[in-house]
Amino acid sequence: QVQVTESGGGLVQAGGSLRLSCVPSGRASNWLAIAWFRQTPGKEREYVAQISRYGNSAIEDSVKGRFSISKDNAKNTVYLQMDGLKLEDTGVYYCASRPLGEDDYQYWGQGTQVTVSS
């Protein structure tokens, strides 16, 4: 069974922090890259950050300096650390797995809600 599970969302005040976790299992666990996407109100889903199994990472410009991505191989978990949260960061955050040998992100989680309040 292929599964990607996100957790760590919640309600936080502006300026606060959250750490999202992503655990891929089954075929999704044999990944080349894991990425975070988000869908904020009124917008289409957008890329946020990605990390490769080799540790190379990238962060989208609009959140650079506030968000970071990391992985814990022992726990098979990828994290999205979000600091200095803004109201416009409110949305559903999705984790996706790009399997080895594939060109795109094929396995997606259900999403975790992040709500930033004033």
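Colleague: What is the strand order in the open sheet of four strands?

Modeller: First, the ground rules: this is a predicted model, where local features need pLDDT of at least 70, side-chain atom pairs count only at pLDDT 80 or more, and totals for chains, interfaces and linings use all residues. Residues are numbered from 1 along each chain as its sequence is written, and side-chain values use heavy atoms, with hydrogens and water left out. Strands are DSSP runs of E, at least two residues, numbered from the N terminus, and two strands pair if DSSP finds at least two bridges between them. Pairing here is antiparallel, and the order is β1-β3-β8-β7.

Colleague: Which are the edge strands?

Modeller: An edge strand here pairs on one side only. The twist from one strand to the next averages 20 degrees, with axes as lines fitted to C-alpha atoms and angles running from 0 to 180 degrees between N-to-C directions. The edges are β1 (3–7) and β7.

Colleague: How many bridges join β3 to β8?

Modeller: Strand β3 covers residues 18–25 and runs antiparallel to β8. Within this pairing, C22 has V78 as its bridge partner in β8. The number of bridges is five.

Colleague: In β8, what is the bridge partner of F67?

Modeller: Strand β7 (residues 67–72) pairs with β8 over six bridges, in the antiparallel sense. S68 stands opposite Q81. For F67, the partner is M82.

Colleague: Which residue in the turn between β7 and β8 has a positive phi?

Modeller: The two strands form a hairpin, with four residues between them. The phi in question is about 50 degrees. The residue is N76.

Colleague: How many of the six residues of β8 are buried?

Modeller: Buried means under 20% relative accessible area, exposed over 50%, and partly exposed in between (1.4 Å probe, protein chains only). Strand β8 spans residues 77–82 and is mostly covered. The count of buried residues is five.

Colleague: Why does Q113 count as partly exposed?

Modeller: Q113 sits in strand β11 (residues 112–117). Q113 counts as partly exposed because its relative accessibility is 41%.

Colleague: Which backbone oxygen does the side chain of Q113 reach at 3.4 Å?

Modeller: Beyond four places in sequence, Q113 touches G9, G10, T90, G91 and V92, where contact means heavy atoms within 4.5 Å. The Q113 side chain also makes a polar contact with the side chain of T115 at 3.3 Å. A polar contact is a pair of N or O atoms within 3.5 Å; within protein, one must be able to donate a hydrogen and the other to accept it, and residues adjacent in sequence count only if both atoms are side-chain atoms. The oxygen reached at 3.4 Å belongs to G91.
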